Amino acid sequence: MAYDVGFHVVWCPNCHRRVLGGRAKDRLEESTRARPAGHGWKITGLGVTPDCVRLLVKAHPKVSTPYGANQFEGHTSHVLHEEFPHLRSRLLTLRSRSCFVASVGAVSAATVRRYIETQGERVPKKEGGDA
């Protein structure tokens, strides 16, 4: 059986708070990369900005994308709350109740990977009405 199933996951801290910097960012990346062990998943792209996590994962077709996304979100949220108590006082929950999950197929995995890798380089839009 041959397959090439990938899913793109995006999640943000509650209220888009910019709390994923410094040591918390490093630990989030480390715990996310450790999560696939034993699941047969392969992380092919990971991007963390202070207010967002983007992940590209290859998985077996039997893995539902919401299940995979929940495993990564829940695990990293648990690790960060355990190791960084100040996050608990700023956020009751580290992640918002929603996330974006899409199977990769409409665009190539390389395009999604390039998107993830360049998110930290993009200039954020200013709030206001400057068009």
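I started with contacts (heavy atoms within 4.5 Å): of those in the protein between residues at least 6 apart in sequence, 72% join residues at least 24 apart.

Ground rules next. I'm on a predicted model, where local features need pLDDT of at least 70, side-chain atom pairs count only at pLDDT 80 or more, and totals for chains, interfaces and linings use all residues. I number residues from 1 along each chain as its sequence is written, and side-chain values use heavy atoms, with hydrogens and water left out.

Then the fold. I find four helices and four strands, in the order β-α-β-β-α-α-β-α from the N terminus. These are DSSP runs numbered from the N terminus, helices being H or I with at least four residues and strands E with at least two.

On burial, I get 40% of the 131 residues as buried (under 20% relative accessible area; over 50% is exposed, in between partly exposed; 1.4 Å probe, protein chains only).

I looked at strand E1, residues 5–11. Six of its seven residues are buried, so E1 is largely enclosed by the rest of the structure. E1 runs antiparallel to strand E3 (residues 52–59), with seven bridges joining them; pairing takes at least two DSSP bridges. I noted that Val10 has Arg54 in E3 as its bridge partner.

Last, the cysteines. I count zero disulfides, taking a disulfide as a pair of cysteine sulfur atoms within 2.5 Å. Cys12 is in none, and its nearest cysteine sulfur, that of Cys52, is 3.5 Å away. I have both down as buried: Cys12 has a relative accessible area of 11%, and Cys52 is at 4%.
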